[in-house]
Amino acid sequence: MDNQQKFRVFVFSKTAAYRHDSIPAGIEGLKDLGVSSNLFTTEASEDASLINAQYLSQFKAIVFLSTSGEFLTKEQLHGLKTYINNGGGFVGIHCASSAMRSEPWYGELVGAYFTNHPEPQHSVVRVENKDHVIVSAFQEEFKWFDEWYNFTWNPRDKVTVLLSTDESLYDGGEMGSDHPLAWCREFDGGRTFYTALGHFDAAFQDESFMTHVLNGIRWAAGLV
């Protein structure tokens with residue numbers, strides 16, 4: 001497939017609060033994913049002035065890679081809203097849920113806000129909705145080492161939950177017996193997918209995780 005046939009993806013990783021060391025690995029992994037899948041080309045930036053309807057209109061999907069803090073102005077947020085309203089696809093990875101707390105619309109876009117996490121440790125991730133393309137590469141259960149995010153609310157009533165974990169298998173969970181980790185839904189004219197996994201560089205070298213992200217991008221872009 002030549003570049004004219006590929007769709008375009010914008011990777012945005014600006015941080016105004018905590019900055020994850022894995023961001024460079026994530027950018028590299030997403031660029032490599034576009035090449036290895038032969039499906040999309042990638043533009044990456046931390047220039048928030050690019051979050052406007054005109055610039056974003058050239059992309060089928062945008063990926064917010066561990067963005068944090070209040071990183072968008074009101075005008076830029078309006079540009080993001082317009083992009084979604086016009087059918088754009090949104091993918092949030094890991095710390096994208098720890099951002100723009102002043103804007104409830106953003107919390108709905110991502111699905112929930114991050115509150116805190118215990119020290120990184122192993123747990124078991126369980127696949128829900130196994131037939132969904134976004135989780136099709138995973139076994140029904142798999143061990144994973146990460147920061148296990150707690151959230152302000154459980155988004156299950158509004159989203160399709162794709163991955164969850166069992167808090168009895170690790171220390172520091174605060175959401176009880178139902179702890180979603182990844183989800184998707186149609187939202188405000190577009191599609192949105194969020195995964196809480198991805199704290200460490202190793203995630204972006206893990207074939208199953210990157211297939212999860214690839215299919216999330218494809219789904220958000222409306223291509224599957």
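I began with E186 and looked up how open it is in this predicted model: E186 is exposed, its relative accessible area being 56%. I then checked which residue E186 pairs with, and found a salt bridge to R191, where the closest N and O atoms are 3.4 Å apart.

Next I searched the whole structure for such contacts, and the search returned 10 salt bridges. One that I followed up joins the side chains of K158 and E108, with 3.3 Å from N to O. I wanted to know where the two partners sit: K158 is in the loop between strand 10 (150–151) and strand 11 (160–165), while E108 belongs to helix 4 (residues 104–110), so this pair ties together parts that are 50 residues apart in sequence.

My last entry concerns R156, which forms a salt bridge with E128, and here the closest N and O atoms are 2.9 Å apart. This pair, too, links distant parts of the chain, 28 residues apart, since R156 lies in the loop between strand 10 and strand 11, and E128 lies in the loop between strand 8 (121–127) and strand 9 (141–146). For R156 I noted a relative accessible area of 28%, which makes this residue partly exposed.

Terms used
Residues numbered from 1 in each chain as written. Predicted model: local features only at pLDDT ≥ 70, side-chain atom pairs only at ≥ 80, totals over all residues. Heavy atoms only, no water. Salt bridge = Lys/Arg side-chain N within 4 Å of Asp/Glu carboxyl O. Helix = DSSP H or I, 4+ residues; strand = E, 2+ residues; numbered from the N terminus. Buried < 20%, exposed > 50% of the residue type's maximum accessible area, 1.4 Å probe, protein only.
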